[in-house]
Structures are given as C-alpha cells and as structure tokens.
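Let's take a tour of some side chains and see who sits with whom. Keep the structure open while you read, and look up each residue as it comes along.

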Amino acid sequence: MDGGAEGTQQPHLILAHKLFLLTHPDVQDIEKVQLKTEVLDSIKSDGMAPLYETLAASSVLELDQSLLDSMRANNEEELKKLDDKIADAEENLGESEVREAHLAKALYFIRISDKEKALEQLKLTEGKTVAVGQKMDLVFYTLQLAFFYMDFDLVSKSIDKAKKLFEEGGDWERKNRLKVYEGLYCMSTRNFKKAASLFLDSISTFTTYEIFPYETFIFYTVLTSIITLDRVSLKQKVVDAPEILTVLGKIPFLSEFLNSLYECQYKAFFSAFAAMAEQIKFDRYLNPHFRFYMREVRTVVYSQFLESYKSVTVEAMANAFGVSVDFIDQELSRFIAAGKLHCKIDKVAGVLETNRPDAKNALYQATIKQGDFLLNRIQKLSRVIDL
C-alpha cells in the first residue's frame, strides 16, 4: 500500500470500493458478475490469501481451495525472503537499511491484506524510525489500511498520533495531507461541518491522490459545504472557487446541484438532487449517512425558499419545486414536527406562514441568562471574600 504516485489512487482502496458495491443490495446482478471477476483478479495479482479466505467465509466469493493453498505458499515464500533481508540488514548493514527491510515486510502484509500482522510490523518499524517525517509516513500507511477496513477507531487514534508528531516538527506538505485524511474521517462519521472546513482548507494544496482522485475530493467538498455553509460563504468558498470550477463540470450533475440551489432554481435543483442521490448511495463513505444527508439537503433548500416569504401558498411552493401539493404538504409536516423548519401550515387556506425565531430576541434571552450566571458567580465570590 504505497503512498501512490501522483494522480493514482491506492489499488487497495479501489478494491475496497468494488467490494462495497459487490455487497450492495441495489447493484444489478450483471454488474456484480463483472465486479466479482475484477475483485478476484486483484486478489490473485497481489496474492491476498487472508482477504480471500475472509471473503469466501462470508460467501462474497466462492472458495477455490487450490487457489487459496497456492496463494498461502507464495505468501510464505515471500515472507521468508523478507525475513532473510531483515536478518542480512541487521548483521551487515546500517540502521536505515534495517528500517527499510522492516518497512518492506509491513508493506507486504498490507498488500496481502493481513491487517493484524501489518499493524504489528508497522509498530516494529516505528521502533526503528527516528525521523518525524518517516514516522508520519507510517501513520499514513496505517490510515490507508484503516480506511480499507472502515476501522474508524484506528483512523481516529492514527490522526491524533499524526497531530502529536507534527508538533514535534512535521512538515507542511504532510500536515496538508493529514487534513484530507481527517476530513474524510469527519465525513465518514457524520461530522459534515468539520469535514467541509478541512476540505476547503485543502483545495489548493491537495496531494492525497492515494486515497481518492481530485474529482472525488471536489465531490465531497461540494456535498459537505452545501449542508453546512451559509449562502454568502457558499458563494465565496464554493460557487466562485476557481479550483472547484475547473473540475465541477466533469462530475455528473454536481454543477446543476450546486448552482441551481444557489440561484434558487428549485425545479432544476430537485432534478439534479435525484441524480446526485444515486452517486451518494453508491459511495462507500457516504452510504451509511444517505438518509441523513438527503434530509439535511431538503432542510437547507426548503428553508432557503421560505426565507423569501412571510406567507406563501402550498401550491406556489409545490409549483416552484415541480412536485405535487401532497408531496410538499407531507414533507413540510415532517420537517416542522422535527423542528427543522420554522413555519406552520394553515390547512384550510392552504397557506404556509413562516415564524422564524427573532435573532434579537434570542440574543436578549442569551444576555439575560449570562447576566444571571455572572451575578451568581459574583455573589459566591463576595461570600468567600467576606469570610
């Protein structure tokens, strides 16, 4: 699992996406036949006996015992060569060669998908590593492995470790790479606000091609920004951002999705939204949050529409979105009940009346609350002083 040449995604993470699609209920059987062939080819070419065994045990692939035996034999042979190199380096060469030999073994375990042994060997290699930059590279290997297995506990611990290493003197290039890894972690664990912030910070310094291509990075940046930024920030940081504009058109429906929302073209937005839903559903990092994300986007777009009116008919809103009155009625009822929208429906008149919370009133209440808290603290302090 090497860092990946510029512009190329780590083969293991491409394989991880194929495995995700292979077990996805909405992927057509005909596609799964092709995916199965591609997955098996990857497993054979890298001799991934541990992964093959796991996939066969869970019936994702059929077990071919002779294939498994031959891959295991190749693994043992390769590991013996790597152990011989380690022994030779320890006897005849210097510390950096010993470290390189240990790292080669760690990368081999990663390549054949033996997670536990890979982690043990990375730890061993770390013990023989002095330079902070090289230690951070080991963390990146661990992160790639963790994202392959969607082990978010390991991702979180590795990010914390990398941040501590950076305090010891890591360079800016590695720090910028770490931001993208952390952004992916935040997005995968539903912290969309922090993910958007980290992705936007990394737009001009992106070099983490090993985890996903630049187009995928822009896809994630736009998706997380739409549900977390206000209109002014969205315009400034996303709609008008040159780096985003250069690739926006290459991602199906993303330009329509972003621009129709910003330009309040709600029919066009709903049409692009339906197409985007498919892409989100088939993304291994976003799929677990599919329903949540779809709900958040609708909250943003309905709030934006209602902000322009004190009252509006349900029919006018339905027309604006190109949907039926019943659909809008049901949608709004659900969002109002959940406290996501500040309006009420007059069923008899078929009118929506907005009742946005007064910002000044909220500020006034907060000031009173803080004032009370401060007075209590002063009283307690005066009692202590009197004593």
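## Salt bridges

There are 22 salt bridges in this structure, which is a predicted model. Let's start with one between D26 and K281, where the closest N and O atoms are 3.5 Å apart. This pair ties together distant parts of the chain: D26 is in the loop between α1 (11-22) and α2 (29-46), while K281 belongs to helix α15, 255 residues apart. Are the two partners buried or exposed? D26 has a relative accessible area of 40%, so D26 is partly exposed. K281 comes in at 18%, and because buried means under 20%, K281 counts as buried.

Next, find D171 and R174, another salt bridge, with 2.4 Å between the closest N and O atoms. D171 is partly exposed at 28% relative accessibility, whereas R174, at 17%, is buried.

A further bridge is made by the side chains of K179 and D201, at 3.9 Å from N to O. Here too, distant parts of the chain are linked: K179 is in helix α9 (residues 172-188) and D201 is in helix α10, 22 residues apart. D201 has a relative accessibility of 45%, so D201 counts as partly exposed. Now go back to D26 and K281 for a moment: salt bridges with shared partners join them and E278 into one network.

## Aromatic pairs

How many aromatic pairs does a search of the whole structure find? The search turns up 34 of them. Take F199 and F217: their ring centres are 5.6 Å apart and their planes meet at 85°. Why does that make the pair edge-to-face? Planes over 60 degrees apart count as edge-to-face, so an angle of 85° puts F199 and F217 in that group.

This pair also links distant parts of the chain, with F199 in helix α10 (residues 192-202), F217 in helix α11 (residues 214-226), and 18 residues from one to the other. F199 has 0% relative accessibility, so this residue counts as buried. F217 is buried as well, with a relative accessible area of 0%.

Now try F270 and F273, a tilted pair with 6.2 Å from centre to centre and 40° between the planes. Both residues lie in helix α15 (residues 266-281), three residues apart, or about one turn of the helix. Like the previous two rings, F270 and F273 are both buried.

## Charges over rings

Zoom in on R177: its charged end sits over the ring of F140, 4.1 Å from the ring's centre. What lies over the face of Y262? That would be R231, at 4.3 Å from the centre of the ring.

## A stretch with a label

Last stop: residues 68-99. An unreviewed UniProt entry annotates this stretch as a "coiled-coil region". What does the model show over residues 68-99? The chain there is 94% helix and 0% strand. Its end C-alpha atoms are 31 Å apart.

Technical notes. Residues are numbered from 1 along each chain as its sequence is written. This is a predicted model: local features need pLDDT of at least 70, side-chain atom pairs count only at pLDDT 80 or more; totals for chains, interfaces and linings use all residues. Side-chain values use heavy atoms; hydrogens and water are left out. UniProt positions are given in the numbering used here, feature names are shortened, and annotations may be inferred rather than shown by experiment. Helices (H or I, at least four residues) and strands (E, at least two) are DSSP runs, numbered from the N terminus. Rings of Phe, Tyr and Trp (its six-membered ring) pair if their centres lie within 6.5 Å; planes under 30 degrees apart count as stacked, over 60 as edge-to-face and the rest as tilted. Buried means under 20% relative accessible area, exposed over 50%, partly exposed in between (1.4 Å probe, protein chains only). A charge sits over a ring if NZ of Lys or CZ of Arg is within 6 Å of the ring centre and within 35 degrees of the ring normal. A salt bridge is a side-chain nitrogen of Lys or Arg within 4 Å of a carboxyl oxygen of Asp or Glu.
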